[in-house]
Amino acid sequence: MTGLIYKDLAVLRRQLSTLLVFIFVYGGFCITGVFDFSILGALIAVFGLTVPMSSVALDDAAHWDRYAIATPAGRRGVVAAKYVFTLLVVAVSVVAAGGLMVCLSLAGLTKTSPEDLVLIALACGVLTLLLDAVILPCLLKFGAEKARIISMITFVVIFGGAVLLGGMAKDQFALPQPPEWLLAALPVLCGLVAVIGFFISYCVSQGIYAKKEF
Amino acid sequence: MSNALEVSHLTKDYGSFKLDDVSFTVPGGTIMGLIGENGAGKSTTIKCILNLIHRDGGEISVFGRDAVRDERAVKTQIGVVLDESSFHEALNPVQIGKILSKLHPNWDGKCYGDYLRKFELPEKKAVKTFSRGMKMKLSIAAAFGAKPRLLILDEATSGLDPVVRDEILDEFLNFIQDEDHAILISSHITSDLEKAADYVTYLHKGRVVLSEAKDELLDTYGKLVCGRSDLERVDRSLLAGSRVGQFGCEALVKNRHTFVRRYPGLTVDPITLEDIMVFTGKGDAQ
């Protein structure tokens, strides 16, 4: 499995470097006041979604999967490697973007506290994991080309829903208030949902891949 | 001499095409050539062996282990070259070696490096700069690097020039010097298999038409070249196919020795694997 993760890193090395540069460029925009610091959190979602997608797209183009399955790694190894690689990408994105936000906060460049920025980065990481949990089985079943449409719909539904709810709250629309205990437990609950969702997604993908023909 | 590969009553039904009751055996220390026209089922057979597709029936065992139940153990014994390169264009042979060293428990980096040098492949250049022949050589180097006991090659020599093909066939012959090694190679370049194969299995429309030792096959079958009147008086049960042209007739004789004894006046020429394919394929079409 480590060979397959190394393969993804080697193939996407240039793209990963570019994305890391993006974080610092956007960090610069935040310092100059062009963007709000929360944009760095959004980059976590962008990386966490586009990198696994690119990885599957490049595998499709090279017909890599049928070769990888013919090696001792087999079908299970290919799926496991893709999920571990996705986790790594999300983790590195959270650390890179979150770390930069905290550094800029400690340098006094934003009024938001470092604790809140860490929470923002973690929340974005959790959301990205949930999106990946939906997208990865589609990617492995339909390939990158067809799954792109599904991922766009997922992205629009989740982010559109969030913007809609935010707008309704802003317009003082009477949204039902969740109980205090639920609000307090929300970060942990969201984290748990993301982890469980990702695990269920992994099991679904293993099932899909076990039946797939190459 | 134990069997490296046993395929028994293999069936795979796609609806429009069916691989039907395919059986053959590859003994250790030998090369088995899988021949057949396009769409005959060669790649489907290989995909079933590699578990890339799910078989509907039959058994496949590699060195006595079931190819599905003991998949991981079986795949540590197999080196694979598929019909087209499966390596990412951005990678170079050194990176590919690193990836494969982590996938194959028996990986031999020195052997892989030796083949890269032998095939004169640039180690640091991206695969996208390679010609088709170079990509195929890279795939073959990678297959050897896995230190397999069974090499499976799907149309590995097609698209290569005769010099490179000859070079690669020599490597295959070296590989099977060890009686513990064997090769299954599918190809429709039958001249390659005439040079290298010990056994030949001919697939036609998803069924095994014949599976025999190559020398025996070429010794038994023959090509009858005669006039139309001669062909008309020949017992059809001795023939496997015929072609009637403007200037004469040709027919595939199933057993040239029996045939010559029965028709001493007719000439039966030696035959090639290609002749057998053409007669069977065209005979079927007629």
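Good morning. Residues are numbered from 1 along each chain as its sequence is written, and chains are lettered from A and ligands numbered from 1 in the order in which they are written. Because the model is predicted, local features need pLDDT of at least 70 and side-chain atom pairs count only at pLDDT 80 or more, while totals for chains, interfaces and linings use all residues; side-chain values use heavy atoms, with hydrogens and water left out.

Helices (H or I, at least four residues) and strands (E, at least two) are DSSP runs, numbered from the N terminus. Two packed helices are described by the angle between their axes and the distance between the axes. Axes are lines fitted to C-alpha atoms, for helices over the stretch in contact, and angles run from 0 to 180 degrees between N-to-C directions. The axes of helix H2 (residues 13–32) and helix H3 (residues 38–62) of chain A come within 11 Å and cross at roughly 165°. H2(A) and H3(A) are therefore roughly antiparallel, a term for angles over 145 degrees, whereas those under 35 count as roughly parallel, 65 to 115 as roughly perpendicular and the rest as oblique. On the H2(A) side, the residues in contact include Leu16(A), Leu19(A) and Phe22(A), and on the H3(A) side they include Leu43(A) and Phe47(A). Contact here means heavy atoms within 4.5 Å.

Which residues does Ser93(A) contact, leaving aside its neighbours within four places in sequence? They are Ile44(A), Phe47(A) and Gly98(A). Ser93(A) itself belongs to helix H5 (residues 74–106) of chain A. With a relative accessibility of 3%, Ser93(A) counts as buried; buried means under 20% relative accessible area, exposed over 50%, and partly exposed in between (1.4 Å probe, protein chains only).

We turn to chain B. Its helices H5 (residues 132–145) and H6 (residues 162–175) have axes that come within 12 Å and cross at roughly 10°. H5(B) and H6(B) are therefore roughly parallel to each other. Among the residues making this contact are Lys137(B) and Phe144(B) of H5(B), and Glu171(B) and Phe172(B) of H6(B).

Next, the nonpolar cores. A nonpolar core is a set of buried Ala, Val, Leu, Ile, Met, Phe, Trp, Tyr and Cys residues joined through side-chain atoms within 4.5 Å. The largest has 137 residues, and those with the most contacts inside it are Leu5(B), Phe24(B), Phe172(B) and Leu184(B). Its largest share, 13 residues, comes from helix H6 (residues 114–170) of chain A. Apart from this core lies another, of 13 residues, including Leu224(B) and Val268(B).

Phe63(B) lies in the loop between strand E4 (57–62) and strand E5 (65–66), and its phi is near 50°, a positive value in a residue other than glycine. At 18% relative accessibility, Phe63(B) counts as buried. Glu120(B) also has a positive phi, near 55°, but counts as exposed at 69% relative accessibility. Thr272(B), in the loop between strand E14 (268–269) and helix H11 (273–285), is partly exposed, with a relative accessible area of 30%. Not counting residues up to four places away in sequence, Thr272(B) touches Glu194(B) and Leu218(B).

Thank you for your attention.
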